[in-house]
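I hope they are handy when you next have it open.

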Amino acid sequence: MPHRPYIVGNWKMNGSRAMLAEARAIDRAAGRYPDVQVALAPPFTLIGALREAITAMGVGGQDCHAQAKGAHTGDVSGAMLIDAGADFVILGHSERRKDHGESDELVRSKAEAALAAGLTIIVCVGETLDQRDAGDAVAIVSSQIDGSLPVGEVANEAAAAGKIAVAYEPVWAIGTGRVAAVEDVVAMHAAISERLTGIYGDAADKVRILYGGSVNAGNASELLAAPGVSGALVGGASLTSDAFLPIIAAAGTGEA
Ligand code: PGA
């Protein structure tokens, strides 16, 4: 069963209040494409303001701590994201795995904490170029899925309720303009889907698998039409409404 396409913008460490006008324009487009689920993950500092500025799209964080509160200077918990107006969180992005040394185990504990707090989650996985060149891409991503996805009763229920998404983002395709070949994306999404079935059983069908890595207006239609691709996680091309709107349009059937 195909899912409602899920198009998520990841602003990374970009954006100030001056960019809320772009977010409003993206939100108006989201309103014109009710068959597409659109969401934006700005930096923490903009979550509250973004929530107040928009009506149609989801608002999310780009990380949260595995604990609900405590002595963790600089960190933000899932409950705090909800309090600020977020409804989802991106976890285990390769930039966090690299910049902050986040392990699969840590990503899993963050994912479980985020679900317990009431957020929906997008867990990111993806291989490096060396790993792909060595022929290890599927093995690496499979082990990231096995190690990073939340497990237990809360996670099983969240999976069944469609509250868990996975983003396959080959590290070498992020911010490089180099997009993965559609056949490689299809093969990887199929491998991920198989691992998810191992974890969640039949509920795995409800876990959406997004592609991320240099998605833009020119390649979105082909990627989004590929079997097993339920949406896109978009970095650079989500920073302006001009770049992001064609991607939303490619996913939907509404009027631009
Ligand atoms: P990109 O980033 O679209 O700029 O390649 C995607 C991501 O890192 O989520």
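1. H93 has a side-chain N or O atom 2.7 Å from an oxygen atom of the ligand, a polar contact in the sense of a pair of N or O atoms within 3.5 Å. E169 also places a polar side-chain atom 2.7 Å from a ligand oxygen. With S214 the backbone takes part: one of its N or O atoms lies 2.7 Å from an oxygen atom of the ligand. The ligand taken alone exposes 280 Å², and the protein buries 95% of that (Shrake-Rupley areas, 1.4 Å probe).

2. A word on the basis: this is a predicted model, in which local features need pLDDT of at least 70 and side-chain atom pairs pLDDT 80 or more, while totals for chains, interfaces and linings use all residues. Residues are numbered from 1 along each chain as its sequence is written, and side-chain values use heavy atoms, leaving out hydrogens and water.

3. Do have a look at E102: it pairs with R96 at 2.8 Å between the closest N and O atoms, and with K110 at 2.7 Å. D63, R96, E102 and K110 are linked in a network of such bridges.

4. Is E102 buried or exposed? E102 counts as buried because its relative accessibility is 6%, and K110 is likewise buried at 6%. The cut-offs are under 20% relative accessible area for buried, over 50% for exposed and partly exposed in between (1.4 Å probe, protein chains only).

5. Another pair is E127 and R132, whose side chains meet in a salt bridge at 2.7 Å, N to O. E127 is buried, with a relative accessible area of 0%, whereas R132 is partly exposed at 22%.

6. Finally, L239 sits in the loop between β8 (231-234) and α11 (241-251); helices (H or I, at least four residues) and strands (E, at least two) are DSSP runs numbered from the N terminus. L239 is partly exposed, at 23% relative accessibility. Beyond its neighbours within four places in sequence, L239 is in contact (heavy atoms within 4.5 Å) with W11, N14, M19 and E22.

Terms used:
A polar contact is a pair of N or O atoms within 3.5 Å; within protein, one must be able to donate a hydrogen and the other to accept it, and residues adjacent in sequence count only if both atoms are side-chain atoms. A salt bridge is a side-chain nitrogen of Lys or Arg within 4 Å of a carboxyl oxygen of Asp or Glu.
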